[in-house]
Amino acid sequence: QVQLVESGGGLVQPGGSLRLSCAASGSIFSIDAMGWYRQAPGKQRELVAVVAKRGSTNVADSVKGRFTISRENAKSTVYLHMNSLKPEDTAVYYCNALISVRVGVPTNYWGQGTQVTVSS
């Protein structure tokens, strides 16, 4: 069974920084793309950033220049480094990963979500 466990959310003032972490565990054969999504109250879930297995990244325009995504393949972990946070970044942030438990069968997995609140 595969699990994604997130950590690092919390309350931060505007202009502040946070780092989210997400570690995958379980019976994992390989991990392809890993990423972060967010969902604010009353809004649809949206992509924040994604990183491929070999390190190429894609970051949403709304956070470009402020957020960066990285991963440590040896630890099956993905990070979201968030700087210059704004109140509009307030949301539940979800980790996502495309994981194969055996050859040729990739499955989309989600973390439980971690709350990020940007407020003074």
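Strands S7 and S8 make a hairpin in which four residues lie between the two strands, and serine 76 in the turn has a positive phi of about 50°. The model is predicted.

**The hairpin**

- Strand S7 spans residues 67-72, and strand S8 spans residues 77-82.
- The two strands run antiparallel and are joined by six bridges.
- Phenylalanine 67 stands opposite methionine 82 of S8.
- Threonine 68 has histidine 81 in S8 as its bridge partner.

**The two faces of S7**

- In a regular strand, side chains alternate between the two faces of the sheet.
- The covered face of S7 carries Phe67, Ile69 and Arg71.
- Thr68, Ser70 and Glu72 are on the uncovered face.

**The sheet**

**Arginine 71**

- Arginine 71 is in strand S7, where the residue is part of the covered face.
- The side chain of arginine 71 does reach backbone oxygens: that of alanine 52 at 3.2 Å, and that of isoleucine 31, which lies 3.5 Å from a polar atom of the side chain.
- With neighbours within four places in sequence left aside, the contacts of arginine 71 include Ile31, Asp32, Ala33 and Met34.
- Val51, Ala52 and Lys53 are also among the contacts of arginine 71, as are Thr77, Val78 and Tyr79.

**Alanine 91**

- Alanine 91 counts as buried because its relative accessibility is 2%, and the cut-off for buried is under 20%.
- Leaving aside neighbours within four places in sequence, alanine 91 is in contact with Arg38, Gln39 and Ala40, and also with Thr114, Gln115 and Val116.
- Arginine 45 is 46 residues from alanine 91 along the chain, and the C-alpha atoms of the two are separated by 9.4 Å.

Notes
Residues are numbered from 1 along each chain as its sequence is written. This is a predicted model: local features need pLDDT of at least 70, side-chain atom pairs count only at pLDDT 80 or more; totals for chains, interfaces and linings use all residues. Side-chain values use heavy atoms; hydrogens and water are left out. Buried means under 20% relative accessible area, exposed over 50%, partly exposed in between (1.4 Å probe, protein chains only). Two strands pair if DSSP finds at least two bridges between them. A polar contact is a pair of N or O atoms within 3.5 Å; within protein, one must be able to donate a hydrogen and the other to accept it, and residues adjacent in sequence count only if both atoms are side-chain atoms. Contact means heavy atoms within 4.5 Å.
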